[in-house]
2 protein chains.
Amino acid sequence: MSVVFASIGMSLDGYIAGPNAGPGNALGDGGHRIHEWALDLDGVEEDQGHEDADEHVVREIRLRAGAYVMGRWMFDEGGAGRPDPPPFRAPAFVLTHHAREPWTRRRGAPFTFVTGGVTTAVEQARDAARDKDVQVVGGATTVQQCLEAGVLDELQIHLAPVLLGSGVRLFDRVTAGGRRFDTTRVIGSRGVTHLRYRVSDT
Amino acid sequence: MSVVFASIGMSLDGYIAGPNAGPGNALGDGGHRIHEWALDLDGVEEDQGHEDADEHVVREIRLRAGAYVMGRWMFDEGGAGRPDPPPFRAPAFVLTHHAREPWTRRRGAPFTFVTGGVTTAVEQARDAARDKDVQVVGGATTVQQCLEAGVLDELQIHLAPVLLGSGVRLFDRVTAGGRRFDTTRVIGSRGVTHLRYRVSDT
């Protein structure tokens, strides 16, 4: 059965975006620093027979993801708004309050809009993913909702050694009281630490 | 020359203590969960020829520390208030606004009270540490002050896979703009990830 996992970048002080995030400034002021480690990656697309730790992690996530779940904001900025190549190459399920026809990006996979809440979106993504896994790509609210609904099996945080000081927190007053986190893997490189947790009921 | 390093436990959502921290509840509600990984350690005191990753990290810190810098609250709760054996076995320098004579705990090392600010306290601790290192033990405000004053060479965070939801954050609107963090070591075990960063000027 598909594993439902979230994968998200976070600063050392807990932010996934800096202050003043908005249209045209998706990561907020300074938020690009969270993802600096990913800028120099190459060889992720093609197997060149060797890869460093960061490349390994990114490739692994890409290969696992058979469907995506994301919030509306992530769709606007990361799905529809990003230039080619399409960042999401598997069916994506977008949480929204407003029903809307599916949309398919040129050269991309379909985006389906789900008004029934996060559990419904994850169910639909599971069906679409078939034998692959479901990746929750964010933003913070979507990850929080998945945690609180108990539909997340795995949480991956790519922890960047930067302090943003303010912005959008990954965890903002989230207790996820009934959930237990077990560290299942830690991969460190100079510019980022890839943390992986299994999430289960206590 | 002595390295000035901070070593502090933090929850996945960035807290070093839970809500309602105060006298008799030093770690706040649920804050003990940040330190659960350390409860089962043994063999830290005596070298038994083998040790696990957590034991290695704890022992290494103990051996390095030739002097401590701490805030007043940490002194009250962790220094003076803790039962035997004394938790701090090297000279400690306590940041406070109120001048006070040095105090020596029975079977322990002296606590010196410093009213001249964090830079002064670190200087005095450097002298006392001789060829060993200076450990900043917290709390959050003290670590933040050290970061902002540029006197911290190394930051160790022991990241526990728990969400507290509220409490005392390690980084609360700290930008430390001029500081650069480089990941120099990551050691992961099931219950905690030991992160080590070199701190330098950008």
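## Helix α2 of chain A

In this predicted model, the N-terminal end of α2(A) is capped by Asp52(A), a side-chain oxygen of which lies 3.1 Å from the backbone nitrogen of Asp54(A). The helix covers residues 53-64 of chain A, 12 residues in total. From first C-alpha to last, α2(A) reaches 17 Å, close to the 16 Å expected at 1.5 Å a residue.

The buried residues of α2(A) include the charged Asp54(A), Glu55(A), Arg59(A), Glu60(A) and Arg64(A). Val57(A), Val58(A) and Ile61(A) are likewise buried in this helix. Two of the buried residues, Glu60(A) and Arg64(A), take part in the side-chain pairings described next.

Arg185(A) belongs to strand β10 (residues 179-188) of chain A. The side chain of Arg185(A) makes a polar contact of 2.8 Å with the side chain of Glu60(A). Apart from neighbours within four places in sequence, Arg185(A) is in contact with His56(A), Val57(A) and Glu60(A), and also with His194(A), Leu195(A) and Arg196(A). With a relative accessible area of 18%, Arg185(A) is buried.

Arg64(A) forms a salt bridge with Asp133(A), in which the closest N and O atoms are 2.9 Å apart. Asp133(A) lies in strand β7 and Arg64(A) in helix α2, so this pair ties together parts of chain A that are 69 residues apart in sequence. Both partners are buried: Asp133(A) has a relative accessibility of 13%, and Arg64(A) has a relative accessible area of 17%.

## Salt bridges within a helix and between chains

Over all chains, the structure holds 17 salt bridges. One of them joins Arg72(A) to Asp76(A), with the closest N and O atoms 3.0 Å apart. These two residues are four places apart in helix α3 (residues 72-80) of chain A, and therefore about one helical turn separates them. Arg72(A) is partly exposed at a relative accessible area of 33%, and Asp76(A) is partly exposed at 29% relative accessibility.

Another salt bridge is formed by the side chains of Arg190(A) and Asp182(B), at 3.3 Å from N to O. Arg190(A) lies in the loop between β10 and β11 (193-201) of chain A, and Asp182(B) lies in strand β10 (residues 179-188) of chain B, so the pair joins two chains. Arg190(A) counts as exposed at 52% relative accessibility, whereas Asp182(B) is buried with a relative accessible area of 6%. Both residues belong to a network of salt bridges that also links Arg180(B) and Arg198(B).

## Relation between the two chains

Leu159(A), in strand β8 (residues 154-160) of chain A, has contacts in both chains. Leu159(A) is buried, with a relative accessible area of 3%.

## A buried aspartate in chain B

Asp13(B) is located in the loop between β1 (4-11) and β2 (15-17) of chain B. Although buried, Asp13(B) has no salt bridge, and the nearest side chain of opposite charge, that of Arg169(B), is 6.3 Å away. A polar atom of the Asp13(B) side chain does lie 2.8 Å from the backbone nitrogen of Gly165(B). Among the residues touched by Asp13(B) are Phe171(A) and Val174(A) from chain A, together with Val162(B), Leu163(B) and Leu164(B).

## Backbone features in both chains

The peptide bond from Gly138(A) to Gly139(A) is cis, with omega near 0 degrees, and a cis peptide bond also joins Gly138(B) and Gly139(B). Gly139(A) is placed in the loop between β7 (133-138) and α5 (140-149) of chain A, and Gly139(B) in the loop between β7 (133-138) and α5 (140-149) of chain B.

Asn20(A) is not a glycine, yet has a positive phi of about 65 degrees; Asn20(B) also has a positive phi of about 65 degrees. Asn20(A) lies in the loop between β2 (15-17) and α1 (36-39) of chain A and is exposed at 58% relative accessibility. Asn20(B), in the loop between β2 and α1 (36-39) of chain B, is exposed with a relative accessible area of 59%.

Methods: Residues numbered from 1 in each chain as written. Chains lettered and ligands numbered in written order. Predicted model: local features only at pLDDT ≥ 70, side-chain atom pairs only at ≥ 80, totals over all residues. Heavy atoms only, no water. Expected span 1.5 Å × (residues − 1). Buried < 20%, exposed > 50% of the residue type's maximum accessible area, 1.4 Å probe, protein only. Polar contact = N/O pair within 3.5 Å; in protein donor to acceptor, adjacent residues only side chain to side chain. Salt bridge = Lys/Arg side-chain N within 4 Å of Asp/Glu carboxyl O. Contact = heavy atoms within 4.5 Å.
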